[in-house]
Amino acid sequence: MLNWITLILICQISGEAVAALTGLPVPGPVIGMVILFVGLLVFGSVPEGLSAVADGLLRNLSLLFVPAGVGVVLHAQLLANDWLPISLALLVSTLSAIAVTALLMTWLTPRQSRDTGQTFSDG
């Protein structure tokens, strides 16, 4: 288990290094996830131990939001002063994310005939 957590942390640190060295406007952990993803594609599957560690991290994901919650409470007055632009940004970004997800799903999902339930490529 420790070796899989180490692998995840190495990918994150590698992502941080790539972001710092290249100046990419992408967070290091995101680059680290891409590195891990490419490694898993090369490997061909997700090892059982890595899957177990990832499941454990996901089960406790809510703990990672505690610092963000503390930041919101700490800066509550700033949020109260700028509630309108923050609310609009949240609304627009949420609706945009839903729209992009719907468009991608429509584009990536095979079209199906309503009558037969077959895809157009099936004939």
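A helix here is a DSSP run of H or I that is at least four residues long, with numbering from the N terminus. Gly39 is found in one such run, helix α2. The model is predicted, and the protein in it has 6 helices and 0 strands.

**Overall build**

- Along the sequence, the elements follow the pattern α-α-α-α-α-α.
- The protein has 123 residues, and 9% of them are buried.
- The protein exposes about 10100 Å², and 73% of that area is supplied by carbon and sulfur atoms.
- Of the contacts between residues at least 6 apart in sequence, 29% join residues that are at least 24 apart.

**Confidence**

- The average pLDDT of the protein is 88, and 89% of the residues score at least 70.
- Helix α1 has the highest confidence, with a mean of 95.
- Helix α4, residues 66-74, has the lowest, with a mean of 86.

**The largest pocket**

- The largest pocket holds about 580 Å³ of space.
- Its lining consists of 19 residues, and those closest to the pocket centre are Ile8, Met33, Leu36, Ala54 and Leu57.
- Three helices each supply at least two lining residues: α1 (2-22), α2 (28-43) and α3 (48-59).
- Helix α2 gives the largest share of the lining, with 7 residues.
- By type, the lining has 16 nonpolar residues, 3 polar residues and no charged ones.
- Empty space of this kind is found by rolling a probe the size of a water molecule over the atoms.

- Gly39 has a relative accessibility of 37%.
- This value lies between the 20% limit for buried and the 50% limit for exposed, so Gly39 counts as partly exposed.
- Gly39 and Cys11 are 28 residues apart in sequence, and their C-alpha atoms are 9.7 Å apart in space.

**Ile13 in helix α1**

- Ile13 is part of helix α1, the helix with the highest mean confidence.
- Ile13 counts as exposed because its relative accessibility is 58%, and exposed means over 50%.
- Ile13 and Ile31 are 18 residues apart along the chain, with 9.4 Å between their C-alpha atoms.

Note on methods:
Residues are numbered from 1 along each chain as its sequence is written. This is a predicted model: local features need pLDDT of at least 70, side-chain atom pairs count only at pLDDT 80 or more; totals for chains, interfaces and linings use all residues. Side-chain values use heavy atoms; hydrogens and water are left out. Buried means under 20% relative accessible area, exposed over 50%, partly exposed in between (1.4 Å probe, protein chains only). Contact means heavy atoms within 4.5 Å. Accessible areas come from the Shrake-Rupley method with a 1.4 Å probe; for residues, only the protein chains shown count as cover. On a 1 Å grid over the protein atoms alone, a cavity is a set of points where a 1.4 Å probe fits but cannot get out, and a pocket is an open set with protein on both sides within 12 Å along at least five of seven lines; lining residues have an atom within 4 Å of a point. Grid points are joined across faces, edges and corners, and a volume is the space filled by probe spheres set on the points. Ala, Val, Leu, Ile, Met, Phe, Trp, Tyr, Cys and Pro count as nonpolar, Asp, Glu, Lys and Arg as charged, and the others, Gly among them, as polar. pLDDT is the predictor's confidence in each residue, from 0 to 100.
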